[in-house]
Amino acid sequence: ILVPYQHYLRDSVLAGEFPAWNPYASLGRPFAADPQALVWWPGTLVYLVAGAYLGSFLLVAAHGAWALHATAAAARRFGAAPWAALGAGWAFAFNPKLLGHLHVGHVQYVVAWLTLPAIVAAALALRDGVNAGRIARLAGPVAWQFLAGAPQAFWCTALTVALLLAALRLGERGWRPLGREALAVTAAYAW
């Protein structure tokens with residue numbers, strides 16, 4: 001679905017039109033309101049400039065590097081040695097589940113899931129203290145993932161973050177910090 005949508009979006013923009021309606025799907029349907037059309041995702045600029053095929057390669061490569069780095073940072077936070085943290089990053093970025101989806105053309109699904117480690121790393125930073133900067137650093141990748149066209153990745157990640165932070169705090173018997181972190185995560189997702 002990515003290639004035809006991106007061709008239609010690019011052709012519309014280059015013609016000076018805003019693609020609010022897709023006349024090619026069924027008997028027509030909203031285009032700008034379809035999350036898979038990626039009209040509102042900032043990464044779409046790469047598709048507009050480079051085209052659907054090269055844009056896909058560039059975006060997957062960039063998100064893979066981001067995932068590798070964020071996974072390694074999270075592993076280091078839990079005490080992993082540098083070589084093990086890098087191995088964890090490689091294992092996540094090149095896991096067979098995501099590569100399988102990429103192989104069959106689910107590019108945006110893969111891109112959305114590759115933001116998971118950055119979201120988890122930003123959520124873990126809330127354990128060091130809650131402030132506006134840390135909430136914003138969580139809200140950024142959350143919004144990026146939300147607009148990336150795979151809503152199932154968004155809500156699964158939200159559940160993962162909530163359960164991870166709760167499990168870590170409950171293991172420490174820290175109810176008050178858990179409440180602050182829960183409010184911070186809620187604020188980041190709302191933002």
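1. Let me start with Arg 29: with a relative accessibility of 32%, this residue counts as partly exposed, because that class sits between buried (under 20% relative accessible area) and exposed (over 50%), using a 1.4 Å probe and protein chains only. Please keep in mind that this is a predicted model, where local features need pLDDT of at least 70 and side-chain atom pairs count only at pLDDT 80 or more, while totals for chains, interfaces and linings use all residues. Residues are numbered from 1 along each chain as its sequence is written, and side-chain values use heavy atoms, with hydrogens and water left out.

2. Arg 29 has a partner in Asp 34: their side chains form a salt bridge at 2.7 Å, N to O. The term stands for a side-chain nitrogen of Lys or Arg within 4 Å of a carboxyl oxygen of Asp or Glu. Asp 34 counts as buried, because its relative accessibility is 12%.

3. By this rule the count comes to two salt bridges. The other pair to look at is Asp 128 with Arg 77, whose side chains meet at 3.0 Å, N to O. This pair links distant parts of the chain, 51 residues apart: Asp 128 is in the loop between α7 and α8, and Arg 77 is in helix α3 (residues 52-77). Helices here are DSSP runs of H or I with at least four residues, and strands are runs of E with at least two, numbered from the N terminus. Asp 128 is exposed, with a relative accessible area of 51%, and Arg 77 is partly exposed at 36%.

4. Now for the helices on either side of that loop. The axes of α7 (residues 116-125) and α8 (residues 132-147) come within 9 Å and cross at roughly 160 degrees. The two are therefore roughly antiparallel, a label for angles over 145 degrees on a scale from 0 to 180 between N-to-C directions. Their crossing is left-handed, meaning that the near helix is turned anticlockwise from the far one by less than a right angle.

5. In the contact itself (heavy atoms within 4.5 Å), α7 contributes residues including Leu 116, Ile 119 and Ala 122, while those from α8 include Arg 137, Leu 138 and Gln 145. The contact residues divide into nine nonpolar, one polar and two charged.

6. Finally, have a look at Thr 157 in helix α9 (residues 151-172). Thr 157 counts as buried, because its relative accessibility is 0%. Leaving out residues up to four places away in sequence, Thr 157 touches Trp 113, Leu 116, Ile 119, Gln 145 and Tyr 189.

Conventions
Angles under 35 degrees count as roughly parallel, over 145 as roughly antiparallel, 65 to 115 as roughly perpendicular and the rest as oblique. Ala, Val, Leu, Ile, Met, Phe, Trp, Tyr, Cys and Pro count as nonpolar, Asp, Glu, Lys and Arg as charged, and the others, Gly among them, as polar.
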